[in-house]
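Please read it with the structure open.

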Amino acid sequence: MASDKRTMTLNLTGPEMEALEGLASRKDLSKTAVLRQALRLYEMVDQRIAQGDKLVFEDDKAEKKSEVMVL
Amino acid sequence: MTSYAIQIRRRSDSDEKGELVDAELVDGIKPEDLIEIESEWALPRKAIRQQLLDAGIRKNDPNWPGSLHWDWSSQVKAGKLQYAGIDGWAIRCEGRWQGAMLYDDATKFARVEADLGKPLVYIDYIESAPWNWEVKAIGQRGEFESVGARLFAAAVRHSYEQEYHGRVGLHSLRQAEEIYQGWGLDPFGADPSYGYLVYFELTRQSATKWGETK
Amino acid sequence: MKTDTKNYQFPDQDWFDRMGEIEARNGPVGAGGIAVRLEDATGPTGHAVGVFGQFVELYRRREGLSVEQLAEKADIDLAELVAIERNDEQDPSPRTVYQIADYFKLPQDRLMQVAGVTTKKSGNLQKAAVLFAARSEPTAQLTPEEDAVLNEFVKVLVDNTD
């Protein structure tokens, strides 16, 4: 499971690369690790939403909720 | 799916340590495995449950094992293993599943101040087979030891592999709180958003005792 | 800062013996399970019976009633009430759930859902039931935790918006 890895070349815009580097720094991960985690997170969110769950940002102070992704 | 050869210790009645028995640590369990696990554990669960009831012990009693009602095959229904970020490890020995663990390495983050917001391996569920439990109330002594420790070590290793530096998080069943304390995890108190189970975290520092990179 | 995981070493047997001893001494290992609890399917609708039983027990204790007293006041079968609270393999009869809801002045259909008598899915109720599946000590008075959790659950139960 952990052993077989494939290689890919990635083209990112300037801002995207900055975002990636910022995340890598804050999360203390290599850029590869950031993208791998992001991918797993994206996939799970996407599948759960497809199953009817909702992803929501909740603002306790303003007592507001806003949905993050809609199909 | 990968397998690692390990050994687990049979519990001994005497002062001598029990024998080491060859076992298999399976990395990457499949839905079929979850079903097989529960098919092996269902009747032993039922037997323990009946013995507890016969001994006058009710659910929610401190002596009632917190995971007695679990059903690993229900995780198949819940579709947990379909996500790339959720996976599991299990231990097989003497033709039986001895322990299992499901973890999430995509959506959970450290709560400890020093590494706040950094990703970790979160253990969704971990359990040792019912025949491995010590249940004093009915005089049951476990068969194999350190099954949980072996699975936990696998979580730490996976954490290192994801570059999370060994960080692991979990919500402890009440009966197991002293275990995680003893293993070096930091307690964060009862979590109201998780049924008041205590959240524990293995920090980057404490993780080094659980395995090193040479 | 990459970690060279090809050279990751598991701890040695001595470590596992020591950690294993801590594990053996302190009750079976276990973590997680709130969601599994909810999926603990014994009712015909596949809904968690455990939540309903716990709810009835806590609510009854908060009212200061014994099992016999509640059975009498709500006009329900004592044996069934005992079985419900004990979370034995029980499909509570619709009439019993109705009587309990009526006696405690709680919304019928919501309690029916919790008891697994009906199947309509309610997102908030599901979530509340998950939060509700908290441990509780078998003593007479409710602990502050139990009280708080019970309140939260009742709030969602009577809340008309979904």
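This is a predicted model: local features need pLDDT of at least 70, side-chain atom pairs count only at pLDDT 80 or more; totals for chains, interfaces and linings use all residues.

1. Layout of chain C. Chain C holds 9 helices and 2 strands. Read from the N terminus, the order is β-α-β-α-α-α-α-α-α-α-α. Of its 162 residues, 51% are buried.

2. Helix H6 of chain C. This helix covers residues 94-104. Its buried residues are C:Thr96, C:Val97, C:Gln99, C:Ile100, C:Ala101 and C:Phe104. C:Lys105 follows H6(C). The phi of C:Lys105 is positive, near 60 degrees.

3. Nonpolar cores. Which residues have the most contacts inside the largest nonpolar core? They are B:Phe152, B:Tyr180, B:Trp183 and B:Trp210, in a core of 47 residues. Helix H3 of chain B, residues 147-161, gives the largest share of this core, with 9 residues. A second core is separate and has 27 residues. Its members include C:Ala101, C:Phe104, C:Met112 and C:Val154.

4. Over all chains, the structure holds 26 salt bridges. One of them joins C:Arg61 to C:Glu57, with the closest N and O atoms 2.9 Å apart. Both partners are buried. They are separated by about one helical turn because they sit 4 residues apart in helix H3 of chain C, residues 49-62. Another salt bridge joins C:Glu21 to C:Arg25, with the closest N and O atoms at 3.6 Å. Here too the separation is about one helical turn, because the two are 4 residues apart in helix H1 of chain C, residues 13-25. C:Glu21 is at 45% relative accessibility, so it counts as partly exposed. C:Arg25 is at 54%, so it counts as exposed.

5. A salt bridge in chain B. B:Lys108 pairs with B:Asp104, the closest N and O atoms being 3.4 Å apart. B:Lys108 has 29%, so it is partly exposed.

6. Nonpolar patch on chain A. A:Met8, A:Leu10, A:Leu12, A:Met17 and A:Leu35 make a nonpolar surface patch of about 440 Å². A:Met8 belongs to the segment before helix H1 (14-27) of chain A. It counts as exposed because its relative accessibility is 66%.

7. Negative patch on chain A. A:Glu58, A:Asp59, A:Asp60 and A:Glu63 form a negative surface patch. A:Asp59 lies in strand S1 of chain A, residues 56-59. Its relative accessible area is 31%, so it is partly exposed. Patch members need over 30% relative accessible area.

8. A:Gln47. This residue lies in helix H2 of chain A, residues 31-50. A:Gln47 and A:Lys65 are 18 residues apart along the chain. Their C-alpha atoms are separated by 21 Å.

Terms used
Residues are numbered from 1 along each chain as its sequence is written. Chains are lettered from A and ligands numbered from 1 in the order in which they are written. Side-chain values use heavy atoms; hydrogens and water are left out. Patches are made of residues with over 30% relative accessible area and no salt bridge: like charges are joined within 9 Å, nonpolar side chains (Val, Leu, Ile, Met, Phe, Trp, Tyr) within 5 Å. Accessible areas come from the Shrake-Rupley method with a 1.4 Å probe; for residues, only the protein chains shown count as cover. A salt bridge is a side-chain nitrogen of Lys or Arg within 4 Å of a carboxyl oxygen of Asp or Glu. Buried means under 20% relative accessible area, exposed over 50%, partly exposed in between (1.4 Å probe, protein chains only). A nonpolar core is a set of buried Ala, Val, Leu, Ile, Met, Phe, Trp, Tyr and Cys residues joined through side-chain atoms within 4.5 Å. Lys and Arg count as positive and Asp and Glu as negative; His and the chain ends are not counted. The place of a charge is taken as NZ of Lys, CZ of Arg, CG of Asp or CD of Glu.
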